[in-house]
Amino acid sequence: MNALKRLLAPRKQVKKKSLSAKRERSELELLHSYRRALVKHGTDAISLDLENEFYWHFQLSALIAHAYRKFDEINRKHFSGLLTRPKIIFCNRSTGGYYNKTRHTIGISIAMAVEHGEVEFFETLLHEIAHIAEQSHSPRFYEVLRKIGGSGRKAPMTTLLRVKRDRFLAEHYSVRVRCPHCNKEYRYRTRRALRYACRPCCEKFAGGKYDERFRFVAVTFRSRCEADKTAT
Ligand SMILES: [Zn+2]
Ligand SMILES: [Zn+2]
């Protein structure tokens, strides 16, 4: 009788995220990948004039230089100069930024800087500087943020974020339905949604009970692979 075949455990599939291996990318490299991402998602990036690399390189470098001056000013004014100067770079996030405590680095979305300019760039910078003092989004964080001049408003929508979100929705929530009464559209994962009735309308006009008059109608139905095909 054959012994049970013994198998080697498969090689580990999960790649370890290595902090040191992640090379920092230059502004131009980031700009290139931002442009590629827009093109890949079928968006017209021409209006942003991303091909004008000289212009963008100049603009983006000036923003970073200004960011360091801003940090020094805030540090002097509000922290008695006690904070260590972080590294400030651009990153490929779709909007907003991050503060990495281990590397003491602030990253700011290049897509947001390009599309929304310096006002949003500095909003994010202030937000991330506040994270140096307070890691979480606690009341103390917003206190610090207000003190150093941040508005606390959310990071703006960018074209990159919108195309990524649209693609995600099309792939994972491919069933689009509409209420025939209020015309509001909803997205669901399965076609079961066509058996639902619009909740707000049922609550408003039918005492919260299911009412056929408000049953969803299909807007479009794309299967997962159809969605994939159009996306490539
Ligand atoms: Zn934050
Ligand atoms: Zn409705």
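User: Which residue of strand 5 is the bridge partner of valine 175?

Analyst: Keep in mind that this is a predicted model. In it, strand 4 (residues 175-178) and strand 5 (residues 185-188) pair in the antiparallel sense, with 4 bridges. In strand 5, the bridge partner of valine 175 is tyrosine 188.

User: And which residue takes a positive phi in the hairpin of strand 4 and strand 5?

Analyst: Look at the link of that antiparallel pair. The hairpin has 6 residues between the strands. A positive phi near 70° turns up there at asparagine 183.

User: What is the strand order in the open sheet of 3 strands?

Analyst: Pairing in this open sheet is mixed. The edges, each pairing on one side only, are strand 1 (87-91) and strand 2 (97-100). From one strand to the next the twist averages 20°. The order reads 1-3-2.

User: What is the bridge partner of tyrosine 99 in strand 3?

Analyst: Strand 2 and strand 3 (residues 105-109) share 4 bridges and run in the antiparallel sense. Within strand 3, tyrosine 99 is bridged to isoleucine 106.

User: Which helix packs on that sheet?

Analyst: The packing helix touches strand 1, strand 2 and strand 3. Its direction makes about 150° with that of strand 3. That's helix 3.

User: Are helix 2 and helix 3 roughly parallel or oblique to each other?

Analyst: The axes come within 11 Å, and they cross at roughly 25°. The crossing is right-handed. Angles under 35 degrees count as roughly parallel. Helix 2 and helix 3 are therefore roughly parallel.

User: How many nonpolar residues are in the contact of helix 2 with helix 3?

Analyst: Helix 2 brings Trp56, Leu60, Leu63, Ala67, Lys70, Phe71 and Ile74, while helix 3 brings Ala113, Val114, Glu118, Phe121, Phe122, Leu125 and Ile129. Sorting them by class gives no polar residues and 2 charged ones, and the nonpolar count is 12.

User: How does helix 1 cross helix 2, left-handed or right-handed?

Analyst: Helix 1 (residues 27-40) and helix 2 (residues 53-78) have axes that come within 10 Å and cross at roughly 120°. They are therefore oblique to each other. Helix 1 passes helix 2 in a crossing that is right-handed.

User: Which residues of helix 2 make the contact with helix 1?

Analyst: The helix 1 side consists of Glu27, Leu28 and Leu31. Counting both sides, the contact has 4 nonpolar, 2 polar and 2 charged residues. On helix 2, the residues are Glu53, Trp56, His57, Leu60 and Ser61.

User: At roughly what angle do the axes of helix 3 and helix 4 cross?

Analyst: The axes of helix 3 (residues 110-133) and helix 4 (residues 139-147) come within 9 Å, crossing at an angle that makes helix 3 oblique to helix 4. The crossing is right-handed. The angle is roughly 125°.

User: How many charged residues does the contact of helix 3 with helix 4 have?

Analyst: Leu126, His127, Ala130 and Ala133 of helix 3 meet Phe141, Val144 and Leu145 of helix 4. By class, 6 are nonpolar and 1 is polar, and the number of charged residues is none.

Conventions. Residues are numbered from 1 along each chain as its sequence is written. Chains are lettered from A and ligands numbered from 1 in the order in which they are written. This is a predicted model: local features need pLDDT of at least 70, side-chain atom pairs count only at pLDDT 80 or more; totals for chains, interfaces and linings use all residues. Axes are lines fitted to C-alpha atoms, for helices over the stretch in contact, and angles run from 0 to 180 degrees between N-to-C directions. Helices (H or I, at least four residues) and strands (E, at least two) are DSSP runs, numbered from the N terminus. Angles under 35 degrees count as roughly parallel, over 145 as roughly antiparallel, 65 to 115 as roughly perpendicular and the rest as oblique. A crossing is left-handed if the near helix is turned anticlockwise from the far one by less than a right angle, and right-handed if clockwise. Two residues are in contact if their C-beta atoms, placed from the backbone, lie within 7 Å. Ala, Val, Leu, Ile, Met, Phe, Trp, Tyr, Cys and Pro count as nonpolar, Asp, Glu, Lys and Arg as charged, and the others, Gly among them, as polar. Two strands pair if DSSP finds at least two bridges between them.
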